[in-house]
Amino acid sequence: MNQPKVMKESKNKIRVDFERTPLKERLKAKFLSMFFLKKVVWYIFRLVLLVGISYIVLFPFFSKIAGSFMSPEDFVDVTVRLIPKHFTLNTYRAIIVENGFFEAFKNTLVLSLSAAILQTFSCCLVGYGLAKFKFKGNNLVFIAVLFTMVLPHQTLSFSFSVNFTYFWQGFFGLLHAIHLVPDKLATGLNLINTHWPMALLSATALAFKNGLYIFLFRQFFRGVPDELEESAYIDGSGVFRTYFQIILPLSVPTMITVFLFSFCWQWTDDFYTNLFYTVARMKLMPSIVSIPSSLMLGYAGQNLFDAAIKNTAGILIILPLVILYVFCQRYLVQGIERSGLTAD
């Protein structure tokens with residue numbers, strides 16, 4: 001049965017009668033009701049739950065940040081918890097000066113920025129092709145892309161090492177057979193300890209995390225109406241002109257998201273850098289996680305202090321990423337909303 005509707009005049013009369021009621025009665029009716037009690041209990045429960053979860057999640061970060069400002073004496077003082085008694089910046093100073101922080105920052109910035117830009121545009125092109133062009137084997141290619149997302153790092157290390165140590169071995173071997181290249185190139189080009197492996201993998205969308213980026217772009221482009229491309233084709237626009245003038249401007253939020261993912265992952269990567277830079281190792285961000293010689297004091301609490309030094313190096317590594325996220329979080333959320341959540 002439909003409940004009778006309360007007329008507007010009745011609501012006004014109830015409101016007027018309530019306002020004419022003495023203040024004591026109004027407060028009693030408002031705050032001593034079962035509805036108000038349930039609301040307060042539910043609010044307290046949510047507050048306690050959120051505070052407890054926040055404490056569990058954030059406490060390790062607070063403890064590492066506090067430990068970065070402690071002196072060696074604080075680590076053997078049982079009364080010191082999160083607030084240092086002997087506040088010092090010597091740990092930061094030693095890591096920055098002795099571990100070459102600024103050199104590592106510059107090298108990592110150049111490498112991460114170039115790899116992120118190349119991966120963003122190459123994965124965008126591949127994702128667009130998988131989403132909008134129907135060809136034989138499309139689904140098999142996409143399955144192969146998804147397979148790269150779950151493939152362990154270690155399974156790729158040997159093949160990458162061999163391929164880039166003897167790059168284009170067959171082609172240069174053929175040229176050597178007809179005496180067009182010298183003997184030292186008969187086994188191919190050795191690209192190890194150069195920037196070419198990173199550049200080639202990024203430009204061809206074959207780097208380790210590129211499967212995820214291609215998936216994000218494919219899901220986004222599947223949500224773009226086909227009518228936009230069809231109208232461009234009718235007006236005489238070609239495939240590449242349509243892609244660059246219509247599709248790319250629409251995919252800017254997703255491109256920013258993929259760029260941030262790629263940049264942040266490359267910033268802390270040591271798999272590719274250890275694999276491709278075996279001799280002429282560049283000083284990158286992961287290499288600053290070491291104990292400076294000036295902080296090797298050799299006293300009772302050295303182990304705890306060493307752990308704090310490495311935590312401090314970790315803070316310096318992720319600090320640029322935190323600053324980047326603060327300025328780009330709006331674009332990151334927009335890109336996620338427009339990409340991986342689109343239904344097939």
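Guide: Aspartate 226 is partly exposed, with a relative accessible area of 40%; buried means under 20%, exposed over 50%, and partly exposed in between (1.4 Å probe, protein chains only). The model is predicted, so local features need pLDDT of at least 70 and side-chain atom pairs count only at pLDDT 80 or more, while totals for chains, interfaces and linings use all residues. Residues are numbered from 1 along each chain as its sequence is written, and side-chain values use heavy atoms, with hydrogens and water left out.

A salt bridge here is a side-chain nitrogen of Lys or Arg within 4 Å of a carboxyl oxygen of Asp or Glu, and by this rule there are two. One joins aspartate 226 to lysine 132, with 2.7 Å between the closest N and O atoms. Lysine 132 belongs to helix 5 (residues 101-132) and aspartate 226 to helix 11 (residues 226-234), so this pair ties together parts 94 residues apart in sequence. Helices (H or I, at least four residues) and strands (E, at least two) are DSSP runs numbered from the N terminus.

Lysine 132 itself is buried, at 16% relative accessible area. Its side chain also meets that of glutamate 229 in a salt bridge of 3.7 Å, N to O. Glutamate 229 lies in helix 11 and lysine 132 in helix 5, so this pair links parts 97 residues apart in sequence. Glutamate 229 is likewise buried, at 6% relative accessibility. Through shared partners, the salt bridges join Lys132, Asp226 and Glu229 into one network.
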